[in-house]
Amino acid sequence: MRSGVTREECVALDRADPLASYRGEFVVEDESLIYLDGNSLGRLPRATVDRVGQVLDAEWGHGLIRSWASTWVEMPTRLGDLIGTGLLGADPGEVVVADNTTVSLYKAVSAALDSCPERSTVVIESANFPTDRYVVESLARQRSLDVRWVPETGPEPLGADDLAPHLDDSVAVVVLSHVDYRSAALLDMPVLTALARGVGALTVWDLCHSVGAVPIDVHAAGVDLAVGCTYKYLNGGPGAPAFTYVSAARQRKLAQPIWGWWGGADMFDMAEGYSPQADIRSWLTGTPGVLSLAAVEPGVEMVVRAGISAIRQKSVALTGLAVELYDAWLAAEGVTLSSPRDPDRRGSHVTLSHRDAKAIAAELADAGVLPDFRRPCGIRLGMSALSTRFVDVYDGLAALRNAVTATRR
């Protein structure tokens, strides 16, 4: 079976793409390399090179300690506001950038548990990302809590009927990933949050695979807390810091557990005893990594400037093209589509499964195509709308078809 889509049509789609110019804002040293792993690590924005250089030369090199007062102290909240208001539907003062995703999750889940000590259960998907599961298991062991595991639902999103049987008045916290890291299944945030709220439980959402790729409105969904990374679709760089969202209403009731001088009411007072800041800054702990924060800002600014609606529209088109090419070229070749077909239920990557996925992924890399292999047999194809072209998807799937064919010889 041949795909009805031609390479020439993909080239035409790229010419007509309203977001095409953004690719030129990234460092792309090898135009022949097909990069389909933006859902793991986004490309380097050119502006990031300049911004980090500015911190090194002007702010650190010239300003020295003076740059804390003039620029650096406000970076975690300034960047938090940019992410919150531009990409999460949050208000200023509800997001802060610091720590990594694991530490941020620990803080959020721990604070939620502290707020309802009479409850003894945490609910989480059995197939959630390892960090999320490990943090929940760690806290459950420390506090002698029960973990209620929601069985995985395959490539389709976990729905209300899947979650509801696990909810009752013993549940303190529900931890969910907005987009499944394996299948790209996109969960219905408002519906599932409302279910948790219906039994009096708080929600902690992991936004790592959705922020910068799909529209998010934490206010409309009634979300209590959320965390997310900045090195995927926000292009913040390897190991870039995470962000934490705490709704303004919950900030007055929740206290994060890792006290440090940056979260204190007067950090330079050096007083005995801990008194937290009265706002989102209380979720800070230690001195933030200024170079890392500076590297995040240009990528976030680019995503906000492009607009999440336009990004989502192109993302749906890119992943839809991948599914169409899968149907034409790979479905009859022992390859399984492990992502939802419905674009409204899918994030910005497509996962294809094959028994020889590891070898196929290695062969693709040798051919100049970089996907992401996930054990035991998944190949994730991540489409980052600001840097991935339609012709990249076409050529990448063509290379995948060749690699699959080669495994049969």
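In helix 8 (residues 189–198), the residues Met189, Leu192, Thr193 and Ala196 are buried, where buried means under 20% relative accessible area, exposed over 50%, and partly exposed in between, with a 1.4 Å probe and protein chains only. Viewed down the axis of helix 8, the buried residues fall within an arc of 100 degrees, so they line one face of the helix; the arc is that of the directions from the helix axis to the C-beta atoms. An α-helix has 3.6 residues a turn, so residues three or four places apart point the same way.

This is a predicted model, in which local features need pLDDT of at least 70 and side-chain atom pairs count only at pLDDT 80 or more, while totals for chains, interfaces and linings use all residues. Residues are numbered from 1 along each chain as its sequence is written, and side-chain values use heavy atoms, with hydrogens and water left out. Helices (H or I, at least four residues) and strands (E, at least two) are DSSP runs, numbered from the N terminus.

The cover over the buried residues of helix 8 includes helix 7 (160–163), strand 5 (171–177), strand 6 (202–206) and helix 9 (218–221), contact meaning heavy atoms within 4.5 Å. At the start of helix 8, a side-chain oxygen of Asp188 comes to within 3.3 Å of the backbone nitrogen of Val191. Such a polar contact is a pair of N or O atoms within 3.5 Å; within protein, one must be able to donate a hydrogen and the other to accept it, and residues adjacent in sequence count only if both atoms are side-chain atoms. Just after helix 8, Gly200 adopts a positive phi of about 85 degrees.

Four strands form an open sheet in the order 9-10-13-12, with antiparallel pairing; two strands pair if DSSP finds at least two bridges between them. Strand 9 and strand 12 (372–374) stand at the edges with a single partner strand each, so one side of each is left without a neighbour in the sheet. Strand 9 is joined to the antiparallel strand 10 by 2 bridges, and Leu337 stands opposite Leu352 in strand 10. Helix 12 (residues 308–329) lies across strand 9 and strand 10.

Ser348 is found in the loop between strand 9 (336–337) and strand 10 (349–353). Ser348 has a relative accessible area of 2% and is therefore buried. Leaving aside residues up to four places away in sequence, Ser348 touches several residues, including Ala213, Tyr233, Ser315 and Met383. The C-alpha atoms of Ser348 and Ser315 are separated by 5.7 Å, although these residues are 33 residues apart along the chain. The side chain of Ser348 also reaches the backbone oxygen of Met383 at 2.6 Å.

Aromatic rings provide a further theme. Rings of Phe, Tyr and Trp (its six-membered ring) pair if their centres lie within 6.5 Å; planes under 30 degrees apart count as stacked, over 60 as edge-to-face and the rest as tilted. By this rule the count comes to 7 aromatic pairs. Phe129 and Tyr181 form an edge-to-face pair, 4.9 Å centre to centre with 85 degrees between the planes. Phe129 is partly exposed because its relative accessibility is 28%, whereas Tyr181, at 14%, counts as buried. The rings of Trp259 and Tyr274 have their centres 4.7 Å apart and their planes at 15 degrees, so this pair is stacked.

Note on methods
Axes are lines fitted to C-alpha atoms, for helices over the stretch in contact, and angles run from 0 to 180 degrees between N-to-C directions.
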